[in-house]
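Please look through the model shown here. A short report on its helices and sheet follows.

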Amino acid sequence: MPLSGDLLRLADAVLLPGFAGHTPPDWLRRRLGEGLAGVVLFSRNIAGPDQLARLTAALRAENPSALVGTDEESGEVTRLEVATGSSRPGAYALGVVDDVALTEALARDLGGDLAAAGITIDFAPSADVNSNPDNPVIGLRAFGADPALVSRHTRAFVRGLQSAGVAACAKHFPGHGDTSVDSHHGVPVVAGDGIEDALLPFREAIKEGVRAVMTGHLLVSPYDAGLPATLSPKVLTGLLREELGFEGMIVTDGIEMAAVSGAYGIGGASARAIAAGADAICVGGERADEATAAGIRDAIAAAVTQGLLPEERLADAARRVRELASWAASSGSQASRDGSPGGRPSHDGSVGLTAARRAIRITRRSTAPVLPLTSAASVVELAPEMNLAIDKHTPWGVGEPLARLLPGTVVTRLAVGDSTGSELERLLAESAGRPLVVAVRDVHRHAWQEQALRHLLSARPDAVVVEMGLPERSDLGAVHIATYGSARVCGQAAAEVLTGAHR
């Protein structure tokens with residue numbers, strides 16, 4: 001039977017799709033005008049602050065209450081600064097510094113930029129406890145591996161962001177840290193003996209008044225051994241709503257991810273997520289077309305007519321989305337009255353660079369005076385393939401900022417497959433008589449990086465190693481520098497250490 005217009009509009013009221021381009025396509029304008037909840041922006045939608053402000057204004061011209069969300073975690077996962085790299089380090093660096101006032105100030109600074117650009121909800125912070133160092137998708141996105149540390153910095157980030165009038169969204173509930181599978185590709189399983197530690201930061205975020213929580217596509221066997229959290233009434237309604245007492249908006253992680261869509265399709269997973277207790281469906285990281293958004297709307301509406309999704313549950317979800325939109329509108333206006341920036345980003349970058357500098361950890365293993373470097377260096381950057389949450393075009397490394405401080409520095413970047421013995425020997429020959437710096441990223445997770453680094457260090461034990469991921473080992477190189485992040489400011493802070501430019 002045909003789906004009623006009212007039911008289709010109600011289904012649209014819980015949908016946050018993505019789209020392609022720097023301006024809203026006609027289909028999106030039309031759907032916003034008909035009551036679509038809002039949109040999710042990715043780096044493909046952002047060319048700069050002025051363009052972004054025009055884009056969000058155009059979206060709200062169609063629907064003044066539309067939510068506009070993005071993943072701006074700072075550090076590796078950035079959307080606003082994907083072209084240049086983030087001017088703020090990510091969560092792990094903040095956890096290493098462990099200054100909650102600094103974390104709150106950085107989040108407030110970030111919130112000012114987001115509010116100025118017209119963003120109303122930021123899908124951050126990651127409240128995951130990264131207790132598994134082999135985790136392929138969280139890693140530096142978490143504040144650390146200690147539940148208490150993660151909890152206090154999660155609260156600080158929520159305070160800072162929401163004080164700027166932007167809704168924070170703690171993710172990935174009930175905790176993606178103790179996993180070794182990327183939910184873009186499969187279903188991660190959370191070990192039962194660590195669930196209470198994983199839940200602690202979410203409990204604390206709720207106490208802090210976080211406005212939204214994002215679900216993780218995770219199998220949490222103590223609560224539901226059959227369904228991933230996004231699709232589980234036991235996890236979303238029983239645990240998050242009833243046990244933890246969360247009353248804000250529950251939004252799904254990208255519903256097109258294989259961990260949930262693989263078994264039910266994108267539309268089927270969306271309807272099941274709403275039935276389980278989610279309030280908003282996020283889609284568009286991988287599927288950003290009109291047909292996908294229309295298919296989800298139709299599948300949700302059809303689930304109501306088929307008795308799989310009570311209409312009351314769908315109406316309740318739409319109400320929670322409206323309430324968040326109302327909070328964002330009033331909080332944004334209040335933040336502007338209180339002096340928060342409007343129209344253009346106004347931060348001077350100092351808080352981010354300060355945090356990156358304070359996060360640096362140096363291990364000296366040689367009595368020789370390796371640092372500071374005083375002449376042009378050879379830099380080899382070993383670049384692994386990153387997970388889908390990190391835009392592959394995001395620049396990183398220590399070579400470019402070092403070349404600014406030491407003109408004549410030569411930078412070579414090698415990906416998997418490039419680091420052959422002959423290529424490494426060529427680089428060693430070229431670096432003769434020069435300082436050698438090797439930048440790595442999560443070297444412990446990539447055998448090819450370990451092999452290449454071993455080759456280089458066997459010939460050049462005087463080399464400096466800069467680890468821009470998680471430093472599982474600090475006994476590599478004559479000097480080992482851990483940045484705990486690969487953001488632009490992390491590379492700058494490392495270059496300053498290498499040259500003695502910052503003391």
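## Helix H5

Of the 18 residues of H5, 13 are buried, so the rest of the structure largely encloses this helix. Buried means under 20% relative accessible area, with exposed over 50% and partly exposed in between (1.4 Å probe, protein chains only). Helices (H or I, at least four residues) and strands (E, at least two) are DSSP runs, numbered from the N terminus.

This is a predicted model: local features need pLDDT of at least 70, side-chain atom pairs count only at pLDDT 80 or more, and totals for chains, interfaces and linings use all residues. Residues are numbered from 1 along each chain as its sequence is written, and side-chain values use heavy atoms, leaving out hydrogens and water.

Aspartate 99 caps the N-terminal end of H5. One of its side-chain oxygens lies 3.0 Å from the backbone nitrogen of alanine 101. Just after H5, glycine 118 has a positive phi of about 90°.

## The sheet

Six strands make an open sheet, ordered S2-S3-S4-S5-S7-S9, with parallel pairing. Strands S2 (38-41) and S9 (249-251) stand at the edges with a single partner strand each, so one side of each lacks a neighbour in the sheet. Two strands pair if DSSP finds at least two bridges between them.

S7 (residues 212-215) and S9 run parallel, joined by three bridges. Valine 213 has isoleucine 250 of S9 as its bridge partner.

## Helices H14 and H15

H14 (residues 421-430) packs against H15 (residues 447-459) at about 35°, with axes 10 Å apart. Axes are lines fitted to C-alpha atoms, for helices over the stretch in contact, and angles run from 0 to 180 degrees between N-to-C directions. Contact means heavy atoms within 4.5 Å.

How values were computed. A polar contact is a pair of N or O atoms within 3.5 Å; within protein, one must be able to donate a hydrogen and the other to accept it, and residues adjacent in sequence count only if both atoms are side-chain atoms.
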